[in-house]
Amino acid sequence: MKKEAIISVKNMVAKYGDETVLSGVTVDIFPQEITVILGGSGCGKTTFIKNVLRLYQPYSGSVKIFGNEVTEMDEIEFDEVLSRIGMLFQNGALLNSISVADNVSIPLEQHTNLTRDIIEKMIRVKLDLVNLGKAENLYPSELSGGMKKRAALARAIALDPDILVCDEPSAGLDPLTSAALDDLILKLKKLLKMTIIIVTHELASIHRIADRIIFLDQGKVLFTGTLKEAQKTKIPEVETFFRVGKFG
Amino acid sequence: MDIRNNTLLLPKNLDKTNITGLLQEITLQNLEVVKQIDAGELVTIDSAGVAFLDKLMEIFAAHSPQIVNLKAEIKQSYQTFSSLEVPIQIKAKQENIFVKVGDNFFAWLESSKQAFYLLADVFYWSFVGVFNKKGQRKGSVTQQGLLIGADALPIILLLSFILGLILALQSAAQLRQFGANIFVADLMAISMVTEMGPILTAIILAGRSGSAIASEIATMKVTEEIDALTMMAINPIRYVVVPKFHAITLVIPLLVTASTLIGIFGGLIIAVTYLDLSTVVFFNRVFEVLTLRDVLIGLGKSYFFAWVIVIIGSYYGFNVQGGAEGVGKVTTQSVVASIFWVIILDALSSIIFYF
């Protein structure tokens with residue numbers, strides 16, 4: 001039986017001013033899978049994610065999330081959609097003026113009517129899940145790069161979202177921390193049955209976690225398929241990447 | 001460099017130390033027919049040397065010369081550093097002055113439209129925020145009130161006191177000549193309440209809080225904190241701007257009142273010590289000349305000044321481009337724009353109420 005896509009993008013065009021960054025991107029992202037978005041620097045990976053999530057407005061095309069067209073939704077309707085999506089930004093994007101625990105509490109306080117003690121329990125659990133149990137009262141400026149990413153991940157999963165989007169989670173991390181983060185992502189997929197979308201360049205990480213690959217090149221989709229299919233494909237750019245870990 | 005049978009013989013080295021001289025030599029010799037470049041002797045070359053070879057190919061392009069006898073290593077360097085295959089970026093066509101003026105005008109229209117939308121958004125969410133605290137962090141209004149109000153109080157008091165002293169002293173010297181000493185109280189009361197108190201407070205707030213608002217929001221934008229709030233379905237205006245708007249609305253009348261009182265007090269010191277007026281006479285005169293209308297005009301316009309500072313700071317913060325440099329740029333722009341609009345609003349209020 002054919003799986004129903006949780007995110008379906010059709011003919012999406014994205015522009016910065018007059019420059020076209022994505023030209024007619026069509027992809028489906030399936031539930032409870034880890035989809036890795038690959039491509040060289042400047043090929044439009046982050047732009048793709050930000051246009052899907054309406055952080056930027058797509059120039060044209062259709063984006064369906066949970067089966068609903070989101071490009072024409074009003075803000076209130078789209079906020080409902082966003083409350084089911086967590087995002088881990090490239091640099092964490094923690095609010096620097098408040099503590100780690102307060103950062104994690106934001107979505108819980110804003111989108112639930114939970115009592116303070118329940119929220120506090122949830123914060124502790126989420127921080128413990130990312131191995132930051134002892135850092136809840138620290139401020140983002142007091143955390144290392146890896147800790148910031150993990151704290152941001154705790155915030156992204158605070159509401160147990162259906163979809164988790166990670167923009168280069170391994171960037172700037174050492175291989176051990178990066179591997180630990182991958183294990184955590186796999187654990188989340190298994191425990192919370194999340195659909196996870198990851199933008200990454202790390203070949204080792206891709207081999208560990210990817211179910212499906214979307215390969216972008218110069219604003220176009222060059223390849224979509226499973227990891228195994230990606231490893232066997234004869235498309236030169238994809239083949240080069242999986243052979244030597246570099247974009248050809 | 002020698003030339004034999006239309007073949008240019010390259011020297012042993014081609015690098016940044018000798019190519020300028022070689023190029024001059026070729027120009028002076030006015031060589032016209034070179035069909036071949038022999039690199040047999042060439043042993044070392046750097047990227048400047050390769051650029052020299054490219055230049056030779058351009059000079060002798062009419063005969064399409066070939067480079068022969070290139071050693072493998074030299075060939076590799078040549079292929080790596082040659083600019084012949086690198087596409088030339090075409091310079092953007094210089095726009096004429098009318099196009100530039102037109103573009104700037106439309107850019108100004110667009111930014112005015114955005115500022116207006118932001119203004120509408122801030123007023124809407126500030127009004128909603130009074131009744132519904134969802135979308136704001138607990139205690140953020142108090143925190144902002146302390147930052148914008150309490151922390152700014154000492155500098156406002158000090159500068160207002162000094163301004164009061166200066167105003168009174170300079171006018172006292174004139175008034176004394178006509179025996180009109182008592183009018184220093186009129187001058188201090190009217191000028192501090194309707195003009196100096198509100199405008200001095202607004203200018204200090206524009207420099208202090210306006211810049212803080214712009215740089216805080218711009219930094220949040222650059223570090224994707226604003227995007228993170230949006231992704232959590234939290235309206236950034238509601239979460240970041242509204243607490244500042246509420247806080248400044250609460251503290252501005254207090255700051256203006258404090259500034260006005262301390263300024264008048266500065267005037268009193270000059271009146272007592274320099275003009276031999278008594279404190280009772282001074283204050284009797286102050287209360288005699290002041291009307292409720294003056295007080296309301298002074299306080300009323302200070303609200304507009306405060307709102308302009310928050311809106312402009314937020315507008316520039318949200319429209320930051322680039323990284324740290326962009327943050328610095330919008331901070332400066334926001335302070336200049338805030339002070340400009342505070343003075344324009346002040347002029348407008350003077351025309352409306354006193355013309």
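Contact here means heavy atoms within 4.5 Å. The model on screen is predicted.

**Stop 1: helix α1 of chain A**

Select A:Thr47, which sits in helix α1, residues 45-52 of chain A. Show its neighbours: leaving aside residues up to four places away in sequence, A:Thr47 touches A:Ala14, A:Tyr16, A:Val21 and A:Leu22. With a relative accessible area of 9%, A:Thr47 is buried, because anything under 20% counts as buried.

**Stop 2: across to chain B**

Select A:Lys50 together with B:Glu224. Their side chains form a salt bridge, at 2.7 Å from N to O. Between chain A and chain B the rule finds two salt bridges. The polar contacts between these chains come to four residue pairs, both residues of each being at pLDDT 80 or more.

Now colour the side of chain A that touches chain B. Elements α2 (75-82), β6 (85-88) and α3 of chain A each supply at least two of its residues. The largest share, five residues, comes from α3(A).

On the chain A side 25 residues are in contact with 18 residues of chain B. The size of an interface is often given as the accessible area lost when the parts come together. For chain A and chain B the buried area is about 1,900 Å², and carbon and sulfur atoms give 58% of it. Pick out A:Leu55, A:Leu95 and A:Gln110: these supply 28% of the area that chain A buries against chain B, more than any other three residues.

**Stop 3: helix α3 of chain A**

Select A:Pro107, in helix α3, residues 100-111 of chain A. Is A:Pro107 buried or exposed? Its relative accessible area is 3%, so A:Pro107 is buried. Beyond residues up to four places away in sequence, A:Pro107 touches A:Thr112, A:Arg155, A:Ala158 and A:Leu159, and also B:Met232 from chain B.

**Stop 4: two loops with positive phi**

Go to A:Ala93, in the loop between β6 and α3 of chain A. A:Ala93 is not a glycine, yet has a positive phi of about 55°. The residue is buried, with a relative accessible area of 3%.

Then move to chain B and select B:Asn69, in the loop between β6 (66-68) and α3 (72-81) of that chain. Phi is positive for B:Asn69 too, at about 60°, although B:Asn69 is not a glycine.

**Stop 5: aromatic rings**

Over all chains the count of aromatic pairs is 17. For one of them, select A:Phe215 and A:Phe241. Their ring centres are 6.4 Å apart and the planes stand at 70°, so the pair is edge-to-face. This pair links distant parts of the chain, 26 residues apart: A:Phe215 is in strand β9 (residues 212-217) and A:Phe241 is in helix α9 (residues 236-244), both of chain A. A:Phe215 and A:Phe241 are buried.

In chain B, select B:Phe123, B:Phe245, B:Tyr303, B:Phe304 and B:Trp307, which form one aromatic cluster.

**Stop 6: charges over rings**

Which residue lies over the face of A:Phe78? Select A:Arg54, at 4.2 Å from the ring centre of A:Phe78. Finish in chain B with B:Arg176, which lies over the face of B:Tyr274 at 4.5 Å from the ring centre.

Conventions
Residues are numbered from 1 along each chain as its sequence is written. Chains are lettered from A and ligands numbered from 1 in the order in which they are written. Side-chain values use heavy atoms; hydrogens and water are left out. Helices (H or I, at least four residues) and strands (E, at least two) are DSSP runs, numbered from the N terminus. Buried means under 20% relative accessible area, exposed over 50%, partly exposed in between (1.4 Å probe, protein chains only). Rings of Phe, Tyr and Trp (its six-membered ring) pair if their centres lie within 6.5 Å; planes under 30 degrees apart count as stacked, over 60 as edge-to-face and the rest as tilted. A charge sits over a ring if NZ of Lys or CZ of Arg is within 6 Å of the ring centre and within 35 degrees of the ring normal. Buried area is the accessible area (1.4 Å probe) that two parts lose on being put together, summed over both. A salt bridge is a side-chain nitrogen of Lys or Arg within 4 Å of a carboxyl oxygen of Asp or Glu. A polar contact is a pair of N or O atoms within 3.5 Å; within protein, one must be able to donate a hydrogen and the other to accept it, and residues adjacent in sequence count only if both atoms are side-chain atoms.
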